[in-house]
Amino acid sequence: MARSSDDVTRTLPAEGDMAVPGVIFASQALLPEDPAALFAQVRNVATLPGIVEASYAMPDLHVGYGFPIGGVAATDVARGGVVSPGGVGFDISCGVRTLALPALAEEVDGRALAALMDALAEAVPHGTGPGGLARPSEADLTRVLAEGAEAIVADGAGVAADLDRTEDRGRLTGADPGEVGAKARKRGKAQLGSLGGGNHFLEVQVVEEVVDAEAAEVFGLARGQLAATIHCGSRGLGHQVCTDAVGVMREAMGRYGITVPDAQLACVPVDSAQGRAYVAAMEASANYARANRQLIAEAVRDACGKAFGSREAVMVYDVNHNMAKRERHVVDGTERDLCVHRKGATLALPAGHPDLPAELAGVGQPVIVPGSMGTATWVLAGDRGRAFASTCHGAGRLRSRKQARKRIAPDVLARGLAEQGVEVRAKSASGLAEEAPEAYKDVDEVVAVCEAAGLSRRVARLRPLGVVKG
DNA sequence: ATGTCC
């Protein structure tokens with residue numbers, strides 16, 4: 001029987017220092033046996049200065065640095081609302097980009113797939129540490145920080161249509177490269193155009209199921225078609241920007257009279273010197289992340305050219321899931337200027353929203369939700385605009401990296417994936433075990449809960465055929 | 001997530 005919104009919504013009433021309630025969208029199956037630490041994080045966020053409506057958590061929620069991953073929190077800028085790096089995450093503007101490939105799965109046999117995966121593994125730098133597709137000068141890096149994916153397309157890597165299908169058209173206009181520290185620049189300079197490690201990956205997939213035919217057609221996806229999905233972020237640059245900002249805010253917070261229940265929730269008013277500096281550096285990091293995905297998408301096109309004889313790969317969408325954005329939303333009957341933190345959560349604009357490009361206005365914003373390695377990726381569309389128009393970002397981790405390493409043997413895992421017909425090109429065996437499906441929640445249940453809650457609608461399910469991992 | 005501890 002179909003579940004109602006109430007069936008998947010849990011409220012933690014405002015008590016103690018909480019300014020608003022906690023609202024968690026999840027079924028029992030998506031919560032850990034002992035959710036105490038997770039609920040404590042949702043409650044802690046509800047105490048932040050200026051928070052409005054609720055401390056929300058999406059169905060893929062799990063414990064993170066200060067804020068839960070899967071958390072959505074909006075603060076009222078005019079009423080002392082804060083910005084917190086812990087509410088954005090270390091991998092600033094980490095996100096997912098899917099391209100529709102010019103081939104049907106039935107046209108690609110095992111040998112052709114293996115050739116494509118070899119070409120992709122060769123073309124796209126993956127794994128931790130330095131080494132990227134681009135070799136930017138200091139001036140190039142500054143331009144990427146200021147202009148994002150737009151700078152990459154302007155230099156000839158990609159087409160204008162790529163930007164039409166990239167969140168914010170690939171460029172955050174509040175970015176100030178001058179607010180990105182020297183150490184962050186140094187790390188970023190050596191990594192532009194690289195996947196990284198952890199749960200970051202590049203997959204070749206087949207569209208296995210279309211749930212919403214109209215939206216799938218608008219998004220450029222058809223049953224049986226191949227797709228490529230890129231999951232990565234701002235690498236060491238964003239990580240360093242986050243680290244630097246947490247240090248500054250821990251020290252500055254007291255001067256604004258702010259106390260928080262957890263040091264990891266370090267924050268300052270959005271409208272303060274330190275708040276403005278962080279937002280400018282965060283947006284520059286977001287530009288770096290989108291430029292990174294644009295460069296990798298071009299390398300995917302090159303690999304397709306080599307393996308298929310066609311470079312034609314059409315953007316479905318590029319959505320990010322680690323950002324704080326200034327947005328206007330109606331709260332208690334009045335439209336307000338909010339700073340919306342989405343950490344392990346995405347924007348999901350409903351159909352008809354004025355910020356959507358005309359071609360997407362009829363169906364809503366695309367959202368791409370990668371499952372764990374070897375499991376499905378879902379393409380969704382914004383639905384009712386709940387929780388400041390947000391939805392989930394992935395399967396959500398169930399076991400820590402350490403637990404996963406302990407429980408899962410990499411060779412057994414690799415064999416299992418091979419038996420499923422998934423071609424794996426992995427750099428690190430222990431890294432592979434950390435990303436095993438057993439370490440994650442069931443992504444099908446995550447998106448089903450999003451749909452029941454009215455956060456987003458299911459459009460298409462993509463099954464992996466090959467994966468490149470750090 | 002991360003030059004997985006300066």
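Student: Where does Asp60 lie?

Tutor: Asp60 is part of strand E3, residues 51-62. Keep in mind that this is a predicted model.

Student: Is Asp60 buried or exposed?

Tutor: Asp60 has a relative accessible area of 0%. The cut-off for buried is under 20%, so Asp60 counts as buried.

Student: What does Asp60 touch, leaving out residues up to four places away in sequence?

Tutor: Ile69 and Gly70 are among the residues it touches. Gly344 is another. Then there is a run from Cys392 through His393, Gly394 and Ala395 to Gly396. Lys441 and Val446 complete the list.

Student: How many residues apart in sequence are Asp60 and Val446?

Tutor: They are 386 residues apart in sequence. In space, their C-alpha atoms are 6.1 Å apart.

Student: Which polar side-chain atoms lie by a phosphate oxygen, say for Arg401?

Tutor: For Arg401, a polar side-chain atom is 2.2 Å from a phosphate oxygen of DNA strand B. For Arg235, the distance from a polar side-chain atom to a phosphate oxygen is 2.9 Å.

Student: Which helices supply at least two residues of that surface?

Tutor: Helix H6 (182-189) and helix H8 (235-252) each do. H8 gives the largest share, 3 residues.

Student: How do the residues near DNA strand B divide into nonpolar, polar and charged?

Tutor: There are 10 polar, 5 charged and 1 nonpolar.

Student: New topic, helix packing. At what angle do H3 and H9 cross?

Tutor: Roughly 100 degrees. The axes of H3 (residues 138-147) and H9 (residues 273-308) come within 6 Å. Angles of 65 to 115 degrees count as roughly perpendicular, so that is how H3 and H9 are arranged.

Student: Which residues make the contact?

Tutor: H3 uses Leu141, Val144, Leu145, Ala146 and Glu147. H9 brings Ala284, Asn287, Tyr288 and Ala291.

Student: And how do the residues of that contact divide?

Tutor: Into 7 nonpolar, 1 polar and 1 charged.

Notes. Residues numbered from 1 in each chain as written. Chains lettered and ligands numbered in written order. Predicted model: local features only at pLDDT ≥ 70, side-chain atom pairs only at ≥ 80, totals over all residues. Heavy atoms only, no water. Axes fitted to C-alpha atoms, helices over the stretch in contact; angles between N-to-C directions. Helix = DSSP H or I, 4+ residues; strand = E, 2+ residues; numbered from the N terminus. Parallel < 35°, antiparallel > 145°, perpendicular 65-115°, else oblique. Contact = heavy atoms within 4.5 Å. Nonpolar A, V, L, I, M, F, W, Y, C, P; charged D, E, K, R; others polar. Polar contact = N/O pair within 3.5 Å; in protein donor to acceptor, adjacent residues only side chain to side chain. Buried < 20%, exposed > 50% of the residue type's maximum accessible area, 1.4 Å probe, protein only.
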